[in-house]
Amino acid sequence: MPTMMVAGNWKMNASIESSAALLEDLVAGATSLSENTQMVVFPPLPYLAQAQQMLQGTAIALGAQNASEHAKGAFTGETSAAMLHDFGVRYVLVGHSERRALYAETDAVVAAKFKAVQAAGMIPVLCIGETLQQRQQNETLLVVNAQLQAVIDAAGVESLGQAVVAYEPVWAIGTGLTASPEQAQEVHGAIRAHVASQAANVAANMQILYGGSVTAATANELFAQTDIDGGLVGGASLEAQSFLAIGQAAQG
Ligand code: PEP
């Protein structure tokens, strides 16, 4: 099993042409990466079939940016986890700060989505992180542990054995500001300790990604930290060379 993960969240950025070009370059470039690192891309929904086809037989896994907490029914505009699974999706982002802030997703909704993704046989990438104001008020660990505990309470601590956690300080997402390696390590260590206090074996094997304006220039130092097991990358994942360079940084 790869010990590092580099995941690219394209957000709402793609066209058929740009998606094809990016995937083509990523597939060509990823062959030089070792099996130590799992690369994952999260294209917008309409491009999943195209990505599934282009990633077939490659080492790059397919992810989706969101899933409904409901299995089926009258939920216009929503997509169930089972539907994503039909298109070869292996990872699904849940609780991304943009979903929490712009679409009012509460901890309860995030936990329900987490469970729906696992029930459909996929791996949730649970995003947690504090706002700038919460950091300034020294509430960072309180906030991330509460966000994590909401999922543990709903799904059980063992469920984290089939999940990935992404620590993403809200103030660092899309802003060009990155947490320093020390700031990130402090929170990653606390997240692992929080889980370890409930299930040491789960904590020891859990992948914790850092996200927030990661670039090829900052990835090396971040990934060298003990409790940082890769990155969740937004902006820098839209360009093949920068995303592959971040993948390279995960090789150590
Ligand atoms: C993200 O979307 O999860 C993210 C970390 O974005 P960016 O790298 O652009 O800050």
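Before my first look-up I noted what I call a polar contact: a pair of N or O atoms within 3.5 Å. I also reminded myself that this is a predicted model.

**Entry 1: the ligand's contacts**

I started with G174. Next I checked G234, where a polar backbone atom is 2.8 Å from a ligand oxygen. Then I went to N9. Here I had to look at the side chain, where an N or O atom is 3.1 Å from an oxygen atom of the ligand. How much of the ligand's area does the protein bury? I found 96% of the 290 Å² that the ligand exposes when taken alone.

**Entry 2: who is around the ligand**

I then looked up the whole shell. 14 residues surround the ligand, and the closest are K11, E168, G174, S213 and G234. I sorted the shell by class and got 8 polar, 4 nonpolar and 2 charged residues.

K11 has a positive phi of about 50°, although it is not a glycine. I traced K11 to the loop between β1 (4-9) and α1 (16-30). N138 is not a glycine either, yet its phi is positive too, at about 60°. Where is N138 found? I located N138 in the loop between α6 (132-136) and α7 (140-155).

**Entry 3: helix pairs**

Two packed helices are described by the angle between their axes and the distance between the axes. I looked those up for two pairs.

For α10 (residues 216-223) and α11 (residues 240-249), I got an angle of about 20° and axes 8 Å apart. That makes α10 roughly parallel to α11, because angles under 35 degrees count that way. I also jotted down that α10 passes α11 in a right-handed crossing.

For α7 and α8 (residues 181-196), the axes come within 10 Å and cross at roughly 40°. Are α7 and α8 parallel or oblique to each other? I wrote down oblique. α7 passes α8 in a right-handed crossing.

How values were computed:
Residues numbered from 1 in each chain as written. Predicted model: local features only at pLDDT ≥ 70, side-chain atom pairs only at ≥ 80, totals over all residues. Heavy atoms only, no water. Near = heavy atom within 4 Å. Polar contact = N/O pair within 3.5 Å; in protein donor to acceptor, adjacent residues only side chain to side chain. Areas by Shrake-Rupley, 256 points an atom, 1.4 Å probe, with all protein chains shown as cover. Nonpolar A, V, L, I, M, F, W, Y, C, P; charged D, E, K, R; others polar. Axes fitted to C-alpha atoms, helices over the stretch in contact; angles between N-to-C directions. Helix = DSSP H or I, 4+ residues; strand = E, 2+ residues; numbered from the N terminus. Parallel < 35°, antiparallel > 145°, perpendicular 65-115°, else oblique. Left-handed = near helix turned anticlockwise from the far one by under 90°.
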